[in-house]
Amino acid sequence: MQEPGLGFPFVTLLVGIMIVLVMVVKPGLKRLRVPSLVGFMALGFLLRLADDEWGLLSEQEHALAVFEFLANLGIVVLLFRVGLESNLPGLIRQLPWASQVWIGNVVVSGLAGFAAAYFVLHLGLIPSLFVATALTATSVSVPVSVWQEVGALRSRNGEMLLDVAGLDDISAITLMALLLALAPAAMAGAQAGPTPGVGETVAWLLLKLAALAGVWVLFARYVERPLTAFFAKIEPAPDLMLLVVGTAIIMASGIVALGFSLPIGAFIAGLAFSRDPEAIKVDEWLSPIHDLFAPFFFIGIGLAVSMGALTGAAGLGAILLTAAVLGKLAGTSLPALPRAGAAGSVLLGISMIPRAEIALVVMHHGMLLGDQAVPPNLFNAMVMVSVATCLGASLVLYPLLRRWPQAEDRGP
């Protein structure tokens, strides 16, 4: 047990240790073909076990607040990068052919998650909607690393994976915005009778989304290019990314003031700077910032999981894992079959199974609304689903991509 006077210096020490451990563990996990986010959550879980035993955080003043702040910065960087890499105009151009696969996998995976939570586990309407929304998302970073390593990412099916996963992210974040707006009113209605303001809430949310879309179009067309050029004059690359990220944080905070959550604000800020991938080199310039802050979101997820609740959520997690796997596999493979072929459709279905960043953000924000939205056992079960889907999909994809190599094909 630490003395109160050692609180902040000791917490600073813990933060430094976490940063070092993240950088030490990451290359080892890559060699083992284990997604790095699994290792980051494990670090947070080990820190939680140490806190339960010795009070490393709970008995230090402001310690948990420091890690929560870093986790929020991690959310901002994660969702900013997702938005930055979305290339919304390009995705819209792909809608004519990608929409069937996208809509199929979102609808089937969402319905599978809702059915498992509501009809099988009897979790209630609001928790089931959070599960359904979380399971519509895809963690594209997990399969992309595998496809890239075997030289298949620029094949026709590899590009289909990128397009459909990008559309998945946008739809999942939009559904999250809708759910976070409706859930408080719905929970209040469950306690005090029907809430007449639900329709008004939806209408107001759609109006704000339309206004944000209009601002995004104006910013992308008239502001982003001269602003990025101005930043480049102040601080040349790669340091100009610090100016971009700082601006994104300001934009995200302003969007939060409009009633949206921080992840949604960060995602929209990323979209605002996504006009020209060459103007902002994400991998080269953003990666150091991402590698510093993003792991703290997953460390925070691990910190939120207790050993007792984790073991108690095993049965719940197994049922939700089944829904997570079957929903994406069927929802993606069947619509993709005519265009991707039998082998390609199976590869795409497996590649869409991992749930991580956005799925965990959805469940994390549901948990912040209270047990009526996302109880602890459900949150822990979804953490188990995230770990299992990321590990399982990456381990299965390697041998399958070597058995069914995807030749580069840029045809229509």
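**Close-up 1. Salt bridges in the predicted model.** Searching the whole structure turns up four salt bridges, a salt bridge being a side-chain nitrogen of Lys or Arg within 4 Å of a carboxyl oxygen of Asp or Glu. Side chains of opposite charge can pair when their charged atoms come close. This is a predicted model, so local features need pLDDT of at least 70 and side-chain atom pairs count only at pLDDT 80 or more, while totals for chains, interfaces and linings use all residues. Residues are numbered from 1 along each chain as its sequence is written, and side-chain values use heavy atoms, with hydrogens and water left out.

**Close-up 2. Lys 328 and Asp 168, a pair from distant parts of the chain.** Lys 328 makes a salt bridge with Asp 168, and their closest N and O atoms are 2.7 Å apart. Lys 328 belongs to helix 13 (residues 314-351) and Asp 168 to helix 7 (residues 156-192), so this pair links distant parts of the chain, 160 residues apart. (Helices here are DSSP runs of H or I, at least four residues, numbered from the N terminus.) Are these two residues buried or exposed? Lys 328 is buried, at a relative accessible area of 0%, and Asp 168 is buried with 0% as well. Buried means under 20% relative accessible area, exposed over 50%, and partly exposed in between, using a 1.4 Å probe and protein chains only.

**Close-up 3. Arg 81 and Glu 85.** Here the side chains of Arg 81 and Glu 85 meet in a salt bridge, 3.2 Å from N to O. Arg 81 is buried, with a relative accessible area of 13%, whereas Glu 85 is partly exposed at 44%.

**Close-up 4. Helix 2 and its Arg 48–Asp 52 pair.** The expected span is 1.5 Å times one less than the number of residues. Arg 48 and Asp 52 sit four residues apart in helix 2, about one turn, and their side chains meet in a salt bridge (3.2 Å, N to O). Both are partly exposed: Arg 48 has 21% relative accessible area and Asp 52 has 48%. Buried residues of helix 2 include Leu 37, Phe 40, Leu 47 and Asp 51. Just past helix 2, Gly 55 has a positive phi of about 70°.

**Close-up 5. Helix 1 and its bend.** Helix 1 (residues 7-31) runs for 25 residues and reaches 37 Å from first C-alpha to last, close to the expected 36 Å. Where does helix 1 bend? The bend, about 25°, is at Val 25, and Pro 27 follows within four residues. A bend is the angle between axes fitted to the seven residues ending at a residue and the seven starting there. Among the buried residues of helix 1 are Phe 10, Leu 14, Met 18 and Leu 29. After helix 1 comes Arg 33, with a positive phi near 60°.

**Close-up 6. Helices around the second largest pocket.** Helix 3 (63-84) is one of the helices that each supply at least two residues of the lining of the second largest pocket, and helix 2 is another. Helix 3 gives the largest share, six residues.
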